[in-house]
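Me: Hey, can you walk me through this fold? I've got it open and would like the sheet first, then the helix packing.

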Amino acid sequence: MSSKAITDNQQLHAFLFPVMAQGHMIPMVDVARLFAARGLKSTIICTPVNGVSVSKATERDRLSGLDINVETIPFPAAEVGLPEGTESLDKVTSPEMFPKFFSAIALLQQPFELLLQEKRPNFVIAGMLMPWANESAAKFGIPRIGFHGTSCFSLSVVESLKLFRPYEAISTDADQDTSFVIPGLPDKIEMTVSQLPTDFRAGKNVVTEIMEKIRESEVGSYGVLVNSFYELEPAYAEHYKSILDRKTWHVGPVSLQNTSTLDKALRGKKPTLDENYVLNWLDSKEPNSVLYVSFGSVSRVSNNQLLELAMGLESSGYPFIWVVRQIKNDDENGFLPKGFEERIEGRGLIIRDWAPQVLILDHPAVGGFMTHCGWNSMLEAISAGVPMITWPMFAEQFYNEKFVTQVIKTGAQLGAKEYNMWVDAKNVSLVKKEAIATVVTQLMGDGEEAKGMRRRAKEIGEMAKRSVEEGGSSYTGLTTLIEEMKVYTKK
């Protein structure tokens, strides 16, 4: 059974089905807005709790006449033994909840297919944690395009690790910090075993099986949509497309779709602190003088580590904005040194839970970003021309660190050694206050290395902005995808 054919004057209809995590939903909403701005009908599929924030995020687009819609399907939390309302990854608070969350995602297949049958979109863009979306789309003759929410660089690293398994030569626990080179890549990229995701190091389990299915679905999908731009990673864009034989379209940075202050302020969720207050605070600071510190929507950092970070930031002497998200049930202010907030008054700004990140990074006063190396955060910093201090924790974050420190050279490593799922943050080795203060001073200071990073970051930021303008590489990438989908649906 094929999707209905389309004539030149008919409107293409795209289904966008992101993984239930802020780091996937936020860019996918931007992709939906990009399609709608080109005259397509965009329908974002999500669950009821997430649907509320996605509807709010797209409300101004609808009011301006764009054809952008939200369809919700129930999330079967209770069926898999999760608390009611656990509809996104940031609500997963223990290792035991993780496989249950994946089981719930798998149960979305049938209601998703009912929507496909009813709405008959022309193509589907679905998050890679839904490998079954290939099969669902195929039932209706619809092409499924995958979305990882990361770069061709990290996808190429994963593929090389799977193909060559270089870490297997390092056998004993004592050698976990021994570095090895990842073969088959355009650059010499080194890692240690302890920085690898657990699915490489563990025997067969629920996670390794899911990762294998994701890999198979990537190969079996129509292609992969990449939130990156060609000029950022030309060697890896070619490697992924030609050597690994994957059909790709670079269409990012999609965050640059947010041009107004309001769009930037409300991207994702409403900020905990009024954006005008934050902007006024930044206005009072010198250009490039403020360090922005944030570890994403999912990462959990233990109180002991937050204490070290607080002391490191204080002793560095630089102004900072620090977004704090704590492990649930931890004492609210237990991590702050005695008298800390009084001593940093005027120099440091603490934001609890959610900050207008794009707005902050774009401000001229911000001269550095301490980040967990989630791809959205990194790409937002790259787009704003801001150099980074890297503190990876899990997912593909250690690969992203290698990209920014070893390939484009706009980042300084803080020295995080171990991969650890966000729910196990208390088991990670502490990064000490002295190391934090040293790296902050290096990045924010006037040394030649820091100046070089700032210069490269600004140049790459300009490239990012050009890529999404009419005639730019990402603008053209999106045009190519739309034209291909028109041709496909005429068959």
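Predicted model: local features only at pLDDT ≥ 70, side-chain atom pairs only at ≥ 80, totals over all residues.

Me: Fine. What's the strand order in the open sheet of 6 strands?

Reply: The order is E12-E11-E10-E13-E14-E15, and the pairing is parallel.

Me: Which are the edge strands?

Reply: Strand E12 (348-352) and strand E15 (411-413), each of which pairs on one side only. From one strand to the next, the twist averages 20°.

Me: OK, helices now. What do you need to describe a packed pair?

Reply: Two things: the angle between the axes and the distance between them.

Me: Then what are those for H15 and H18?

Reply: The axes of helix H15 (residues 375-384) and helix H18 (residues 448-468) come within 6 Å and cross at roughly 100°. The range 65 to 115 degrees counts as roughly perpendicular, so H15 and H18 are roughly perpendicular to each other.

Me: Which residues make the contact?

Reply: From H15 it's Ile382, Ser383 and Ala384, and from H18 it's Ala457, Lys458, Ile460, Gly461, Ala464 and Lys465. By class, the contact of H15 with H18 has 5 nonpolar, 2 polar and 2 charged residues.

Me: And H12 with H17, at what angle do they cross?

Reply: Roughly 40°, with the axes of helix H12 (residues 303-316) and helix H17 (residues 433-444) coming within 8 Å. That makes H12 and H17 oblique to each other. The crossing of H12 and H17 is right-handed.

Me: Who's in that contact?

Reply: H12 brings residues including Gln305, Glu308, Leu309 and Met311, while H17 brings Lys433, Ile436, Ala437, Val440 and Thr441. The contact of H12 with H17 divides into 6 nonpolar, 5 polar and 2 charged residues.

Me: Last one, zooming out. How many helices and strands are there in the protein chain?

Reply: The chain has 19 helices and 15 strands. Its radius of gyration is 22 Å, close to the 23 Å from the globule rule for 491 residues, so the chain is as compact as a globular protein of that length. Along the principal axes, the C-alpha atoms fill a box of roughly 65 × 55 × 45 Å.

How values were computed
Residues numbered from 1 in each chain as written. Heavy atoms only, no water. Pairing = 2+ DSSP bridges. Helix = DSSP H or I, 4+ residues; strand = E, 2+ residues; numbered from the N terminus. Axes fitted to C-alpha atoms, helices over the stretch in contact; angles between N-to-C directions. Parallel < 35°, antiparallel > 145°, perpendicular 65-115°, else oblique. Contact = heavy atoms within 4.5 Å. Nonpolar A, V, L, I, M, F, W, Y, C, P; charged D, E, K, R; others polar. Left-handed = near helix turned anticlockwise from the far one by under 90°. Rg over C-alpha atoms; globule rule 2.2 N^0.38 Å.
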